[in-house]
Each structure stands twice: as C-alpha cells, then as structure tokens.
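How do you find your way around a protein you have never seen before? Take one residue at a time, then look at the spaces in between.

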Amino acid sequence: MSEPANKLGIIFFPAYDWAIDATHPEREERLLYTQDQLREEGVFDLPGVREYKPEIAKPAAIERTHFCFPSVAAVTTESHLIAAGGAIKAAQLVMEGEVSKAFAMVRPPGHHAMKVVHGNRGFCNINNEAVMIEFIREQYGQKKIAIVDTDCHHGDGTQDIYWHDPNTLFISLHQDGRTLYPGSGFIHERGGPNAVGRTINIPLPPQTSDAGFLTVIDEVVLPILEDFKPDLIINSAGQDNHYSDPITNMNFSAQGYARLNEKLNPDIAVLEGGYAIQGALPYVNLGIVLAMAGTDYSHVREPGYNPEQLRQSPQIDNYIKNLCRDIMTSYRQSHQTTGRDGQFDARHKSIYYDTDGISEEQTEKVMVCSSCAGLLLIESQAAANQRCLGIEIPVDACRRCREAGLRRLDEAKNAMRYQIIKLINRVDREYLTLTGEELSPRSKYFF
C-alpha cells in the first residue's frame, strides 16, 4: 500500500454485552470481523493510522441533545453511552488536531433516534452523531456542520433532530421509503420554517449500484456541500447498501463505498448499519478506512464480487438522472424563513418504536425566527410516560427565543398539566428534568 496522505484515528467499540437478542443481525460480530480484517491487512502498521479507545459519554451530553423520557438512565445502557462516547472521541481527535480524520466504528447505531426518546426504534436509542455534534458545539463553539447519511435506511432520527437548525445541513441517500423502513425521506421533506432547504433527501430505487450512488454524489451532494461551505463534514456511514446485505435491496460494492468516501472527503465517519457481517462489512469498512487514510484501496474485493452482475438497468440510470435534476431544482428554490416571525409553527407526529413496541404521539412547535433556530416545544405522550413536555432554547438562541423559553418553563410548572418537563437551555448550559412531585405537591392528584 502507498504511504497514507492523512493521519487517521479509528475507534472500535463492539459492545460485547449488548444485543437486541443473540441472533439479531445487529450484534457484536459486526465489528469483530472488521477488527480481524484490518489487522490481517496490516492497517495499523501504516504510518499515521492508529487505534483509540472510546470515551464514555456523560448523561449531560445526552441531555443536551435529546429529551429522554423519563430519564437518560431509563432508555440507555452503558453500551449506548460508550458508543456515543466513541463518536465524541473521534471529534476530540479531529478538533484537537491529533489526527486529520477519524472513523468511529461503534455500536449500537443511532441514526433512527429522534429528538424525543422513549425507547429503541430501528436498533437505535441514542443518536451518536447528534451527541457528537452538540459536544463539538459545546466545546469548540458554533460550527456549520454537514451530515451525509449513506445508510440504506433513511436517517429519520438525525433529520428530526436537525429539522429546524439552519447551521446543520442534513443529506440522506437511502433506499426509497416506499420499499424500506422507516418509510420516510422523500424530496419534499426540506426542513422546518427556520431551516428550509437544509434537509436534502435522495430516495434511490432498489438495485441501485455503484454508478447510481456515485452519480448522486457528483450531481447533487458535492454541489450542495460546495454551496453550504461547512466547517465539518460528518459521514453517517451505514454499510447496508451492499449487494449481499440481508435486510435491504441495493447493489453497492466495497469499491463503490471507498470511492464514495474519497469523493465525499469527510472529516469524521460514524458507523451506522451493515448486516452482511462476514462477507461484506469487513471489506466495506476496510475500503472506507483506506480511503480516509488517503491510500490505495484498489485491491479491496469482497468474496463473489462481479460488477457485471451488479450493473444497474437503463431504467434506473434514467430514474436517477431525473431524480438528481428534481432535487437540484428543489434546492435552488428559496431558503428564506417561512411563516410569520415570532409565531409558532406546529406539526403533529405519530412515532412507533418498533423494537420496543412503544407508540408515541407528539405535537411539536417551533417559534418562527429569522435570527436563530427558534424556541422548540414538544408535547409527547406514550403509554409509559404520559403528558411530557420538552423545551429547547437552541445553542445560538436570540434574546427573544431565550426569554420565551424560560417563560414557557415557568408557565408549564404552574400549569400542573405535565408528568415530566425537560429543559435544554443551550445558551446558559442548563439541562433540567422536573417530575410530577417536583412540579407541585398537589400534582399527584392529577395524574
């Protein structure tokens, strides 16, 4: 292999003691085979490539990102905190200049975890990338950050968390939601009233191969990144577009993944899905590692790879060509704040936590604001946690949104309507959880 151009940090956390069940595809072997592959290939003998241990994310790091009902401890295990801490370690390495790039190969994954968390959905409890990004902003100041999610499933949790944030560009390439969980991620989903055009969804047809993915990168992703000019590019690196993955329907290869990564040139990658744990994941991860290190990956081949058999049809070529045109047309439309300044924009959401069997109803309101991401209010109800309220004063909140948020907190405490109230106040770094008896001694008579 040629001399690496970049210093690369790799963080492993296989989470030996955590699995949904013993035969579930999201299990520790996903990373054990990759570890063996990287060592057999001599990756850690390359100059500048080094393995690091993860941090353990503190509950405050989760509380500044999510509304966890009833608590962080109730919806996470130590493995979740270490997976998020692995992403934090990747950020520390890059932000402190110890390495130029970092890849957090951690599990459990996180990109289906939304702003509100009542349990596990899509194998995810905590959004590792979001916890990492908010750590960066807490420690190193506000940054313009682009997240490019290349998992086969739409990154609906990450989209939900950054739906209102004009300083975060979220791009998701995924198998069309009409054919795969979670059933979302269409091109009309463009961001909330304060962040119109900051969400980009690229739903691809089943059997899309290397040519289709790389066309989308060239025709859509790179031009939009060039226009946004982020301080950091994060790759939410799901490897389940591989042609042998057992739960998806795409035709991507290890070579294609490596080429995509080289074009994208991310500062940090965080592992998401990928469930062909022996025949694909070690080779895909190896290709990405070599691409991030800036060295030759042309020899990487998974067993049984035959590009002729994986070639996408002319119909898919045309579909993707038209899709790229439609997305760029939509992107060039106005990015102006929509709605009346100072008023609240509301949306209702029904969310199903498929792994834990929890149904949630949400009403989300955001203050329309031309100066910041806007005050966020979320009323949430699930069977175990009735009448919950989350109040978020965003990291760059203007004076009006900050004061409105603190006023809403006082009003909510006095209203005696809520079982749990959570406050994320990024301006004053204040993270509160108020429960029924703390809200009012009389509250026990109302729940």
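Begin with Met416. Met416 is buried, with a relative accessible area of 17%. That counts as buried because the cut-off is under 20%. Keep in mind that this is a predicted model. Met416 sits in the loop between α12 (399-415) and β15 (420-425). Its backbone deserves a look too. Phi of Met416 is near 55 degrees, which is positive, and the residue is not glycine. Most residues other than glycine have a negative phi.

Find Gln207 in the loop between β8 (199-204) and α7 (210-228). Now look for its partners. Leaving out residues up to four places away in sequence, Gln207 touches Asn249, Met250, Asn251, Gln312 and Ile316. Take Gln312 from that list. Gln207 and Gln312 are 105 residues apart in sequence, yet their C-alpha atoms are 6.5 Å apart in space.

Next comes Ser253. It lies in the loop between β9 (232-237) and α8 (254-264). Ser253 is buried, and its relative accessible area is 0%. What does its side chain meet? A polar contact of 2.6 Å joins the side chains of Ser253 and Asp210. Beyond four places in sequence, Ser253 is in contact with Asp210, His242, Tyr243, Glu302 and Tyr305.

Now turn to the nonpolar cores. The largest one has 58 residues. Those with the most contacts inside it are Ile10, Phe103, Ile171, Leu173, Ile202, Val221 and Leu225. Zoom in on Leu225. Setting aside residues up to four places away in sequence, Leu225 touches Ala146, Val148, Leu169, Ile171, Pro230, Ile233 and Leu264. Another core, of 42 residues, lies apart from the largest one. Its members include Ile62, Cys68, Ala87 and Val270.

Two peptide bonds stand out here. Most peptide bonds are trans. The bond joining Arg107 and Pro108 is cis, with omega about 0 degrees. Pro108 belongs to the loop between β4 (101-106) and β5 (116-117). The bond from Tyr181 to Pro182 is also cis, with omega near 5 degrees. Look for Pro182 in the loop between β7 (168-175) and β8.

Finally, look at the empty space. Rolling a probe the size of a water molecule over the atoms shows where such space is left. The largest pocket holds about 320 Å³. It is lined by 17 residues, and the closest to its centre are Met114, Asp156, Gln159, Ser184 and Lys349. Both α6 (156-161) and β11 (344-353) supply at least two residues of this lining. Which element gives the most? That is β11, with 5 residues. By class, the pocket lining has 6 nonpolar, 5 polar and 6 charged residues.

There are also 3 cavities of 30 Å³ or more. The largest cavity has a volume of about 270 Å³. Of its 21 lining residues, Ile161, Asp165, Ala373, Glu392 and Pro394 are the closest to the centre. The elements α5 (128-140), α6 and β12 (358-367) each give two or more residues to the lining of the largest cavity. That lining divides into 7 nonpolar, 4 polar and 10 charged residues.

Notes
Residues numbered from 1 in each chain as written. Predicted model: local features only at pLDDT ≥ 70, side-chain atom pairs only at ≥ 80, totals over all residues. Heavy atoms only, no water. Helix = DSSP H or I, 4+ residues; strand = E, 2+ residues; numbered from the N terminus. Buried < 20%, exposed > 50% of the residue type's maximum accessible area, 1.4 Å probe, protein only. Polar contact = N/O pair within 3.5 Å; in protein donor to acceptor, adjacent residues only side chain to side chain. Contact = heavy atoms within 4.5 Å. Core = buried A, V, L, I, M, F, W, Y, C linked by side-chain atoms within 4.5 Å. 1 Å grid on protein atoms, 1.4 Å probe; cavity = no way out; pocket = protein on both sides within 12 Å on 5 of 7 lines; lining within 4 Å. Points joined across faces, edges and corners; volume = space filled by probe spheres on them. Nonpolar A, V, L, I, M, F, W, Y, C, P; charged D, E, K, R; others polar.
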